[in-house]
Amino acid sequence: MAFFNDGTGTLDRKVMSVPVVLMLGCWAVGLVYWWATRDLTGLFVLAYVGMFIGVGVGSFLGLPPNKRPVARRVMMFMVGAMLLGLALITDHGNMQIEGLFFGVLAGAPWIVLHYALAKFAGPLIFGRIWCGWACWFGMVFDLLPYKASRYRIPGRWGALRYAHFFLSLLTVVALWFIFGYHDGATGSSGIVWFVGGLALYYALGIGMALALKDNRAFCKYLCPISVPLKTFSRYAALKIAGDAPKCDACNVCVEQCPMNIRVPDYILKGERVLSTECTLCQTCIHVCPHDALKLSFAFDVGGKELIDFTPPRGARGEGT
Ligand code: SF4
Ligand code: SF4
């Protein structure tokens, strides 16, 4: 089923009215909620969500395709900053991956719910849209200078993510069962874990981006949260699809893809982009000179990783 995004930049009044109506609806609900409860946090959240939908989504849809990658970064910052701010000010616990493991052992519902929705169930439908549109780490990495890096280190360096994931799991299990430490999910210890983890990931991510000249280096090699995201996004209904007769294998999309995915190698075989590296950022759609790509809902199984390893130019192979 085709999904809206015609790539022509043509404004459709019906489509453009949807975000405006949703924005006004959110604000109306927020005012009613505030009038009934006097809860300013709820009012702020609903006002912000309304503004995001109206201004963010509306602007994105109204912009010409070549401006949409910039608009996505702005929208991602709006979503990621709101989610991070909410996670911190509402004190719902340690949202780092260790927080999930502590949360499962300790029964911390907000942490488990966050992972269940955003990292397990969500990717079954929307793939790794979290990474491309909502991640509070990615929102900062995407502002760094190397947006269209073509550099992916050859070999299976992506396996470091799995090592990181299992090291975090083992650390929590050891702390819980051997040392009797049970405080990593909520309370003051949880927030220390969370803020400490944030600082560590930002430092590592920015350092890796600058050293490897690749904004998304942390995502490609080290992020432990990508492990469940990659696992569940194999079955994602939403993926990038293509129109093979329109594609002339010019590779513009490959050059601009922040995750170095060999998009035309899927499209020319009549497949959707089956890589679990895809963050659905849609850059490929917006830069394709032949309007050959679009979002689509369907059922297929991903996990086929066709990755562009350069330099040296032309050296290509399978990735993790
Ligand atoms: S940019 Fe478009 S035409 Fe060029 S390789 Fe990619 S999908 Fe094909
Ligand atoms: S394949 Fe397209 S949507 Fe997926 S990460 Fe690459 S540019 Fe973004």
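1. In this predicted model, the pLDDT, which is the predictor's confidence in each residue on a scale from 0 to 100, stays under 50 over residues 1-7. For that stretch the model has 18 contacts beyond four places in sequence, where contact means heavy atoms within 4.5 Å. Residues 312-320 likewise have a pLDDT below 50, and the model gives this stretch 26 contacts beyond near neighbours in sequence. Over the chain the pLDDT averages 88, and 92% of the residues score at least 70.

2. On conventions, residues are numbered from 1 along each chain as its sequence is written, while chains are lettered from A and ligands numbered from 1 in the order in which they are written. Local features need a pLDDT of at least 70 and side-chain atom pairs count only at pLDDT 80 or more, whereas totals for chains, interfaces and linings use all residues; side-chain values use heavy atoms, with hydrogens and water left out.

3. The chain contains 14 helices and four strands, taken as DSSP runs numbered from the N terminus (helices are H or I with at least four residues, strands are E with at least two). Because a compact globule of 320 residues would have a radius of gyration near 20 Å, the 20 Å of this chain agrees with that expectation; the radius is taken over C-alpha atoms, and the globule rule is 2.2 Å times the number of residues to the power 0.38. Along the principal axes, the C-alpha atoms fill a box of roughly 60 × 50 × 35 Å.

4. Of the 320 residues, 48% are buried, a class that means under 20% relative accessible area, with exposed meaning over 50% and partly exposed in between (1.4 Å probe, protein chains only). Among contacts between residues at least 6 apart in sequence, 77% join residues at least 24 apart.

5. Ligand 1 is surrounded by residues that include Cys 247, Asp 248, Cys 250, Asn 251, Cys 253, Cys 288 and His 290, where a residue counts as near if one of its heavy atoms lies within 4 Å. This shell divides into nine nonpolar residues, two polar and one charged; Ala, Val, Leu, Ile, Met, Phe, Trp, Tyr, Cys and Pro count as nonpolar, Asp, Glu, Lys and Arg as charged, and the others, Gly among them, as polar. Asn 251 sits in the loop between β1 (238-242) and α12 (252-256), has a positive phi of about 70 degrees although it is not a glycine, and counts as buried at 19% relative accessibility.

6. Around ligand 2 there are 13 residues, of which Cys 257, Cys 278, Cys 281, Gln 282 and Cys 284 come nearest. By class, its shell has ten nonpolar, three polar and no charged residues.

7. Leu 280, in the loop between α13 (263-267) and α14 (283-287), also deserves a look. Although Leu 280 is not a glycine, its phi is positive at about 55 degrees, and the residue is buried, with 3% relative accessibility.

8. Met 23 lies in helix α1 (residues 13-37) and is buried at a relative accessible area of 13%; leaving out residues up to four places away in sequence, Met 23 touches Gly 50, Met 51, Gly 54 and Val 55. Met 95, in the loop between α3 (68-89) and α4 (97-106), is buried at 7%, and its contacts beyond four places in sequence include Ala 87, Trp 110, His 114, Trp 136 and Phe 194.
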